[in-house]
Amino acid sequence: MSLITPHSLETIDTPVRHARVAHRVVCTEAEGPGKRFALWFQGCPLRCAGCCNPHFLSFTGGQLLPLETLALEITQAVSEHRVEGITLLGGEPTAQPEAAAFLLRHAHTLGVNTLVFSGHSHEELQARQHPAVDALLAQTDWLVDGPYDHTQPEPVRRFIGSANQRLLTLSDRVRADDPRWLGSNTLEIRMRNGTIEVNGFPTASLSTLSPWLGKGQR
Ligand code: SF4
């Protein structure tokens, strides 16, 4: 396993050096198969009815963080928590394609897999013919695509909000038939800086718990 250092991060080859971030969890088992580093981007151009993260939609909220900082957090998550992959969600990861592509590529240099949740379809993203979006897709192993539809709750697959959303395998680094995509969902509750934070599914539980919670992410 290679460990990237602050010195080597000086060679970032993207003109974008920051990401607007809503939240991240260093090690979660509720945002994709296995232990994962999860990062929620701040900002989404879509407005799905029943969106679980309405406080992540504005492009002016969250924190603007250096990519070097986020890359080091991923490195530490791999070395200290043995995460097997990273998950990018939001908000909308493809709305910050340069930053997302950089973080995904960094994960691959560490030997871990990548999962991206997007409200856009794979075909819509390809049709943009945007170099950074193409780079993002090239570094994506699993893609869960399409807008969240609260009228079609997902009945079988884990980690996925609605039945219309597809799980696409875009590389051979991961298995299309990985059985961990099936089974009961996971809801994680943790205390951080005096605030109770929740991530994972089922989202219905968030509304049940909301009187006591500070933030909810899915
Ligand atoms: S794409 Fe995701 S974050 Fe954006 S509005 Fe839809 S559910 Fe919410």
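Helix 2 is largely enclosed by the rest of the structure, because ten of its 13 residues are buried (20 or more other C-beta atoms within 10 Å of a residue's own, with C-beta atoms placed from the backbone). The model is predicted: local features need pLDDT of at least 70, side-chain atom pairs count only at pLDDT 80 or more, and totals for chains, interfaces and linings use all residues. Residues are numbered from 1 along each chain as its sequence is written.

**Overall make-up**
- The chain has five helices and ten strands, taken as DSSP runs numbered from the N terminus (helices H or I, at least four residues; strands E, at least two).
- Of its 218 residues, 40% count as buried.
- Among contacts with a separation of 6 or more, 66% join residues 24 or more positions apart; a contact is a pair of C-beta atoms, placed from the backbone, within 7 Å.

**Helix 2**
- Helix 2 covers residues 97–109 and reaches 18 Å from its first C-alpha to its last, close to the 18 Å expected (1.5 Å times one less than the number of residues).
- Its buried residues include Pro 97, Phe 102, Leu 103, Leu 104 and His 106.
- Strand 1 (18–28), helix 1 (67–81) and helix 4 (131–138) are among the elements that cover the buried residues of helix 2.
- Gly 111, which follows helix 2, has a positive phi near 85°.

**Nonpolar core**
- The largest nonpolar core has 42 residues, of which Leu 39, Phe 41, Ile 74, Leu 88 and Leu 103 touch the most other members; such a core is a set of buried Ala, Val, Leu, Ile, Met, Phe, Trp, Tyr and Cys residues joined through C-beta atoms within 7 Å.
- Helix 2 gives this core its largest share, seven residues.
- Beyond its neighbours within four places in sequence, Ile 74 is in contact with Phe 37, Ile 86, Leu 103, His 106, Ala 107 and Leu 110.

**Hairpin**
- Strand 8 (residues 187–192) and strand 9 (residues 195–200) pair in the antiparallel sense over six bridges; pairing requires at least two DSSP bridges.
- Glu 188 has Asn 199 of strand 9 as its bridge partner.
- Two residues separate the strands of this hairpin, and Asn 193 in the turn has a positive phi of about 50°.

**Ligand surroundings**
- The ligand is surrounded by 14 residues, and the closest are Cys 44, Cys 48, Cys 51, Gly 119 and Tyr 148; a residue is near if its C-beta atom, placed from the backbone, lies within 6 Å.
- This shell divides into eight nonpolar, four polar and two charged residues (Ala, Val, Leu, Ile, Met, Phe, Trp, Tyr, Cys and Pro are nonpolar, Asp, Glu, Lys and Arg charged, and the others, Gly among them, polar).

Notes. Buried ≥ 20, exposed ≤ 12 C-beta atoms within 10 Å, placed from the backbone. Contact = placed C-beta atoms within 7 Å.
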